[in-house]
Amino acid sequence: MDFSYSKTEQLFLQMVRSFAENEVKPLAAEVDEQERFPIETVQKMGKLGMMGIPVPKQYGGAGGTVQMYIMAVEELSRVCATTGVVLSAHTSLCIAPILENGTEEQKMKYLPKLASGEWIGAFGLTEPNAGTDAAMQQTTAVDAGDHWVLNGSKIFITNASYANVFIVMAMTDKSLGTKGISAFIVEKGMPGFSIGKKELKMGIRGSATCELIFENCIVPKENLLGPLGKGFSIAMKTLDGGRIGIASQALGIAQGAMDETVKYTKERKQFGRAIAKFQNTQFQMADLKTKVEAARLLVRSAAWKKDMGLPYSADAAMAKLFAAETAMEVTTKAVQFHGGYGYTREYPVERMMRDAKITEIYEGTSEVQRMVIAGHLFK
Amino acid sequence: MNIIVCVKQVPDTTVVKIDPVKGTLIREGVPSIMNPDDKGGLELALRLKDQFGANVTVISMGPPQADVMLREALAMGADRAILLSDRKFAGADTLATSYALSGLCRVLDYDLIIAGRQAIDGDTAQVGPELAEHLDLPQITYVADAKVLDNGHLQVDKENEDGIQVLEVEGKCLLTVLASAFDARYMSVSGIMEAYDKEVEVWSADKIDVEEGKLGLAGSPTKVFKSFPKAMKAPGEVHEVTPEEAVELIVNQLKVKHII
């Protein structure tokens, strides 16, 4: 068993860490404050090949691994969780389902532009009445001979107003329940497709989270993704992969808050000495550090299994559950260690605490992760 | 166009500490990086490659650990990497280092050599100019920009204290480059994926055109007498006065300090 990074991964880590420090960190406070999508960062990432890390070379990607992709999400999220989730939703929720379920024509049409960052990807499953109970899809897709007609709406869609390609789930046969759900590739600008209201959020405020509206939306016949009636299964598998991305985002947020707190407690003096010298600080930080490292091992192990082609559904759920709860705990304590300053926007930990919360909610709440883990346990 | 870029692996001096007793750098636990001015030089070479087409070869002299820095250069877009590594080079000062590098350049096909202005560990700024002398090449130091003109000549902006000097060069030459003038690119992900599939050629002394006696410690006239951290001085004072007043001011200060 080898826990070390390969030489290629070490070189990659050097690059993404320096990219995050120099290009992403300086924008993080502004992106949060102004609720602004960091489009310039996405363009830079596209040029470097970061928007298509695990995409094979024949589809215009870098030919990297899932492990490398999640390292990038972690390093970005360490300084800016918004940028982390932009990459995660794009890669895990749009590129991966096309790569895993698409026809050769669909892969050739969509992957090169997604991998280069020319196009941004998104994923639409959640509806106003279908959250955790995702099987209750009310968006419909009707076969109209030479095309599909979609009607309905999706909410809380990450990247929505900046995305060009959307993986959308819709009911093609209500009588079949989840087996009547199919997946479609919808492009920005297709007739009858529009972007609705933008959500105002607690954290990850720069990510463009909007509603998708389908009003007699015409989708070409060839844009059905995977077999008819397999949409729910595609969505669940896509979310399994997505959870590794969000787990990495949570891990990055936790690591970022650790870094800030170590720095701050060494500088901040009370009662004549640095607060890092107090045993309360030391013991609590030791516990947090241990949890962050445990989360990292869970995340890396889930990514490794996906790279190896092994089943990873429960691993991804455990990684996300643990990393998200760790991120929430670490950031909450980070604010506490910073005291009054931590509650102000002068220090990044208050933003990190707001950002951390979403990792316990999206791509399956922590309760859903427990359902998935228990489902595997009591199979 | 064939471009050779000289790069050196150095300790990251922004995190390095100095042994208070011995006065030497404490290198343990300090990450090694590509010298910033050299990285600027590589960036210039890669820009010339992007704009005018070029084959970029990075060369370095150092221990086998320098491999990772050369992989970084390949991932940034260099085409070939050669590491001069041999015990015969050990203990080389700037003269012996530049001599060894000249022996390597002589057996390579090149139109332009680019080096960093100076390395952050030694700060001598000698290796580039010495390399040009060994090869009998014209040299331009402190380069802030360069481009290939339609007539095939190189137009080079040289940074002076009071401005930019624009020079045109015909034929082979050597440039030394400032990191501040060239914001170096990141490695690309596909470059990283290929970096370890490419070869970093490790060359020993017998593959290059040199006299062995001039290599390493034997070829190094520099003897380090003592090294010590520079003492911090208090900030000076600025007085805007006439020459007569200045004389009076200085004489008074010298009297105050009991020097006269």
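## Notes on a two-chain predicted model

Mentor: A:Ile373 is found in helix H10 (residues 366-377) of chain A. Helices (H or I, at least four residues) and strands (E, at least two) are DSSP runs, numbered from the N terminus. This is a predicted model, in which local features need pLDDT of at least 70 and side-chain atom pairs count only at pLDDT 80 or more, while totals for chains, interfaces and linings use all residues. Residues are numbered from 1 along each chain as its sequence is written, and chains are lettered from A and ligands numbered from 1 in the order in which they are written.

Trainee: Is A:Ile373 buried, exposed or partly exposed?

Mentor: A:Ile373 has 17 other C-beta atoms within 10 Å, so it is partly exposed. Buried takes 20 or more other C-beta atoms within 10 Å of the residue's own, exposed 12 or fewer, and partly exposed lies in between, with C-beta atoms placed from the backbone.

Trainee: What is A:Ile373 in contact with, leaving aside neighbours within four places in sequence?

Mentor: With those left out, A:Ala314, A:Ala317 and A:Met318 are in contact with A:Ile373. Contact means that the C-beta atoms, placed from the backbone, lie within 7 Å.

Trainee: And how do H8(A) and H10(A) pack?

Mentor: Helix H8 (residues 313-343) of chain A packs with H10(A) at an angle of about 145 degrees, and the axes are 9 Å apart. Axes are lines fitted to C-alpha atoms, for helices over the stretch in contact, and angles run from 0 to 180 degrees between N-to-C directions. The crossing of H8(A) and H10(A) is left-handed, a term for the near helix being turned anticlockwise from the far one by less than a right angle, with clockwise being right-handed.

Trainee: Which residues meet there?

Mentor: From H8(A), the list includes A:Ser313, A:Lys320, A:Leu321 and A:Glu325, and from H10(A) it includes A:Gln369, A:Arg370, A:Val372 and A:His376. By class, the contact of H8(A) with H10(A) has seven nonpolar, four polar and three charged residues. Ala, Val, Leu, Ile, Met, Phe, Trp, Tyr, Cys and Pro count as nonpolar, Asp, Glu, Lys and Arg as charged, and the others, Gly among them, as polar.

Trainee: What about H3(A) and H4(A), what angle do they make?

Mentor: Helix H3 (residues 66-79) and helix H4 (residues 81-101), both of chain A, pack at about 155 degrees with their axes 7 Å apart. That makes H3(A) roughly antiparallel to H4(A), the label for angles over 145 degrees; under 35 is roughly parallel, 65 to 115 roughly perpendicular and the rest oblique. The crossing of H3(A) and H4(A) is left-handed. The residues of that contact divide into six nonpolar, five polar and no charged.

Trainee: Moving along chain A, how many residues of H9(A) are buried?

Mentor: Eight of the 10 residues in helix H9 (residues 349-358) of chain A are buried. Among them are A:Glu350, A:Arg351 and A:Asp355. The cover over the buried residues of H9(A) includes helix H1 (7-33), H4, helix H6 (231-267) and H8 of chain A.

Trainee: Which non-glycine residues have a positive phi?

Mentor: One of them is A:Asn159, with a phi of about 75 degrees, in the loop between strand E3 (147-157) and strand E4 (165-171) of chain A. A:Asn159 counts as buried because it has 27 C-beta neighbours inside 10 Å. Another is B:Asp123, at about 55 degrees, in the loop between strand E8 (112-116) and helix H4 (127-134) of chain B. B:Asp123 is exposed, as it has 10 other C-beta atoms within 10 Å.

Trainee: On to chain B: how many helices and strands?

Mentor: Chain B has six helices and 13 strands. Of its 260 residues, 37% are buried. Helix H1 (residues 36-52) of chain B has 17 residues and reaches 24 Å from first C-alpha to last, close to the 24 Å expected, the expected span being 1.5 Å times one less than the number of residues. In H1(B), 12 of the 17 residues are buried.

Trainee: And how many residues of chain B are in contact with chain A?

Mentor: 12 residues of chain B are in contact with 14 residues of chain A. Helix H2 (67-76) and helix H5 (189-195) of chain B each supply at least two residues of chain B's side, and H5(B) gives the largest share, five residues. The residues on that side of chain B divide into eight nonpolar, two polar and two charged.

How values were computed. Contact = placed C-beta atoms within 7 Å.
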